[in-house]
Amino acid sequence: MGLSTLYQLLFPLSRNKGVSFFLILLSAILIVGQTLLTDGDPFVLWGNWLLSGACALALWFVLGRFHLGGVSEGKSLGIAWPLMSVTQNFAYLYFAPDYPAYKGMLQVAALMLIVSLALSIWQDERATVRCLAVGLLIGLSSALFPHTVLWLLMGPVIVYHTRSVSSRNIFSILTGTVLGLWIMYCYLYVLYGQEEADALPLQFAEIFNLSGYATIFQTFQVWQWLYLALMALLVIAYSISAAVLGTGHSVRASDSIMLLCNLSIAVVIFMCLDPNHTALYICQLSLFLGIQLSVHQANLHSSANEWWTILIILGGIVLSVLPLLPIWM
């Protein structure tokens with residue numbers, strides 16, 4: 001066995017490009033099986049796969065653009081793409097979301113854009129346009145899912161970790177949120193009438209209503225709780241790990257990674273406050289887990305970390321295959 005082959009076995013993600021391609025291909029093959037063996041809409045299944053690829057590409061750009069990795073480029077395509085695809089389709093098929101699939105896709109895409117914009121305002125106390133865009137995305141998204149307005153609480157966290165604290169930036173985020181809601185109000189008023197438009201602000205009165213827990217305890221099965229718990233625990237564990245290990249090879253990279261850790265944990269907290277949209281938060285958790293795994297891969301030269309990352313992705317695929325087997329039907 002040559003030295004090159006040995007390195008490929010020890011470091012399968014960073015030394016063997018074929019592993020990333022195999023994982024992406026495996027996630028696509030899984031969709032073929034889900035299309036044939038379930039009642040899922042193939043357009044939604046493949047739409048989630050394409051969205052995952054777009055987010056993985058965006059993450060790849062973010063890791064390189066903001067220098068969040070020092071050892072490798074993070075292999076986000078081979079990590080985030082299959083992980084997000086498998087998780088989003090699992091949530092769609094087995095967590096019975098009560099919202100149109102395209103809204104969930106828009107929410108994930110908006111969240112990826114918010115992360116990218118947040119990381120771009122480093123030490124810029126006059127990042128008015130970008131902060132306005134962050135607020136606009138929060139406002140537009142909260143019109144679809146009211147609990148998204150809670151992301152406003154992360155505004156101070158964003159400007160703190162990016163060292164861009166200023167009243168101008170914070171005010172821009174608030175203004176953008178109001179603008180986004182106003183755009184949605186006008187849209188609803190023109191297309192659906194005043195009654196539908198007036199219902200928009202009223203939906204925010206329900207954001208602290210936790211009555212959905214009763215439905216979850218009655219309908220969720222053990223394997224659903226298992227999948228949800230694993231996702232949440234992995235996000236928390238990797239966020240704490242990134243903070244404790246001090247990943248990042250510059251002040252900016254370290255602060256940016258700390259911001260990502262706080263945003264990741266915030267998703268878990270927001271999920272606990274909105275039990276009616278568990279499927280939506282599982283998709284968001286997959287995005288942040290993909291980010292955390294990619295950050296670890298980009299900063300840690302560890303064989304154990306690479307194999308553990310692969311096992312996490314393969315574990316998600318296995319959990320998605322189990323419901324397709326006749327014994328579970």
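The accessible surface of the protein chain comes to about 15200 Å². Carbon and sulfur atoms account for 71% of that area. The model is predicted.

The protein chain contains 15 helices and 0 strands. Its radius of gyration is 20 Å, close to the 20 Å that the globule rule gives for 329 residues, so the chain is as compact as a globular protein of that length. Along the principal axes, the C-alpha atoms fill a box of roughly 70 × 50 × 30 Å. Of the 329 residues, 51% count as buried. Among contacts with a separation of 6 or more, 79% join residues 24 or more positions apart.

Helix α3 covers residues 17-37. At 1.5 Å a residue, its 21 residues should span 30 Å. The end C-alpha atoms are 31 Å apart, which agrees. The buried residues of α3 include V19, L23, I24, L30 and I31.

Helix α6 spans residues 101-119 and holds L117. L117 counts as partly exposed, at 21% relative accessibility; the cut-off for buried is under 20%. Beyond residues up to four places away in sequence, L117 touches R130, A133, V134 and L137. L117 and V134 are 17 residues apart in sequence. In space, their C-alpha atoms are 6.8 Å apart.

The structure holds 2 salt bridges. One of the contacts of L117, R130, takes part in a salt bridge with D124. The N to O distance between these side chains is 2.4 Å. Both partners are partly exposed: R130 has a relative accessible area of 27%, and D124 has one of 22%.

R163 forms a salt bridge with D255. Here the closest N and O atoms are 2.8 Å apart. R163 lies in the loop between α8 (155-161) and α9, whereas D255 lies in helix α13 (residues 251-273), so the pair ties together parts that are 92 residues apart in sequence. R163 is partly exposed, with a relative accessible area of 42%. D255 is buried, with a relative accessible area of 16%.

The loop between α7 (128-144) and α8 contains T148. T148 is buried, with a relative accessible area of 6%. Leaving aside neighbours within four places in sequence, T148 is in contact with Q107, I138, S141 and S142.

A nonpolar patch lies on the surface. The patch is formed by Y187, Y189, V190, L191 and Y192. Together these residues have about 580 Å² of accessible area. L191, one of the patch residues, is placed in helix α9, which covers residues 167-192.

Note on methods. Residues numbered from 1 in each chain as written. Predicted model: local features only at pLDDT ≥ 70, side-chain atom pairs only at ≥ 80, totals over all residues. Heavy atoms only, no water. Patch = residues over 30% accessible without salt bridge, like charges linked within 9 Å, V, L, I, M, F, W, Y side chains within 5 Å. Areas by Shrake-Rupley, 256 points an atom, 1.4 Å probe, with all protein chains shown as cover. Salt bridge = Lys/Arg side-chain N within 4 Å of Asp/Glu carboxyl O. Helix = DSSP H or I, 4+ residues; strand = E, 2+ residues; numbered from the N terminus. Rg over C-alpha atoms; globule rule 2.2 N^0.38 Å. Buried < 20%, exposed > 50% of the residue type's maximum accessible area, 1.4 Å probe, protein only. Contact = heavy atoms within 4.5 Å. Expected span 1.5 Å × (residues − 1).
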